[in-house]
Amino acid sequence: MAHTRDTILPKLMELIEPLNRKAIALTADTSFASDLELDSLTVMDLVANIEDEYDIILPMNLLPELETIGQLADAVAKIVNG
């Protein structure tokens, strides 16, 4: 089964929810920095969880470009689907 943005988004939100200390509603437009206020260590934990979930490697040079959950879902879909 091909992973699409629509199938990846709910799983990412599930992985992010425990890190959502502000208990805001998560959407594709939710920002990691300004909305969730995740620190770099928390982001690295999240990256590790995503890599484990999808059996992928997220390139470190890609991370600064991923500002929202939707952008992350697009990146994961691209990597998973090669």
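What follows is a walk through the helices and loops of this predicted model.

Residues are numbered from 1 along each chain as its sequence is written, and side-chain values use heavy atoms, with hydrogens and water left out. Since this is a predicted model, local features need pLDDT of at least 70 and side-chain atom pairs count only at pLDDT 80 or more, while totals for chains, interfaces and linings use all residues.

Let's begin with helix α1 and one of its residues, Thr7. (Helices here are DSSP runs of H or I, at least four residues, and strands are runs of E, at least two, numbered from the N terminus.) Thr7 is partly exposed, with a relative accessible area of 36%. On that scale, buried means under 20% relative accessible area, exposed means over 50%, and partly exposed is in between, using a 1.4 Å probe and protein chains only. The side chain of Thr7 reaches the backbone nitrogen of Thr4 at 2.9 Å. Leaving aside residues up to four places away in sequence, Thr7 touches Ala2 and Tyr54, where contact means heavy atoms within 4.5 Å. Thr7 and Ala73 are 66 residues apart along the chain, yet their C-alpha atoms are separated by 8.9 Å.

That brings us to how α1 meets α3. The two helices pack at an angle of about 120 degrees, with their axes 9 Å apart. On the α1 side, the contact is made by Arg5, Ile8, Leu9, Leu12, Met13 and Ile16; on the α3 side, it is made by Ile69, Gly70, Gln71, Leu72, Ala73, Asp74, Val76 and Ala77. The axes are lines fitted to C-alpha atoms, for helices over the stretch in contact, and the angles run from 0 to 180 degrees between N-to-C directions. Angles under 35 degrees count as roughly parallel, over 145 as roughly antiparallel, 65 to 115 as roughly perpendicular and the rest as oblique, so α1 and α3 are oblique to each other. As for handedness, α1 passes α3 in a right-handed crossing. A crossing is left-handed if the near helix is turned anticlockwise from the far one by less than a right angle, and right-handed if clockwise.

Next comes the loop between α1 and α2, where you'll find Asn20. Asn20 is buried, at a relative accessible area of 7%. The side chain of Asn20 reaches the backbone oxygen of Ile24 at 2.7 Å, and Asn20 also touches Leu26 and Leu36, again not counting residues up to four places away in sequence. Ala23 sits in this loop too, but counts as exposed at 63% relative accessibility. If you like checking backbone torsions, phi of Ala23 is near 55 degrees, a positive value in a residue other than glycine. Glu37, also in the loop between α1 and α2, likewise has phi near 55 degrees; at 45% relative accessibility, Glu37 counts as partly exposed.

Asp39 lies in that loop as well and is partly exposed, at 40% relative accessibility. At the start of α2, a side-chain oxygen of Asp39 reaches to within 3.2 Å of the backbone nitrogen of Leu41. The side chain of Asp39 also makes a polar contact with the side chain of Thr42, at 2.7 Å. A polar contact is a pair of N or O atoms within 3.5 Å; within protein, one must be able to donate a hydrogen and the other to accept it, and residues adjacent in sequence count only if both atoms are side-chain atoms.

Now for α2 itself, residues 40-54. At 1.5 Å a residue, its 15 residues should span 21 Å, and the end C-alpha atoms are 21 Å apart, which agrees. (The expected span is 1.5 Å times one less than the number of residues.) Thr42, Leu46, Val47, Ile50, Glu51 and Tyr54 are buried in α2, and the buried residues of this helix pack against α1 (5-16) and α3 (69-80). After α2 comes Asp55, with a positive phi near 55 degrees.

In the loop between α2 and α3 sits Pro59, partly exposed at 34% relative accessibility.

Finally, α3 has twelve residues that should span 16 Å, and its end C-alpha atoms are 16 Å apart, in agreement. Ile69, Gly70, Leu72, Ala73, Ala75, Val76 and Ala77 are buried in α3, and what covers the buried residues includes α1 and α2. Just after α3, Gly82 takes a positive phi of about 65 degrees.
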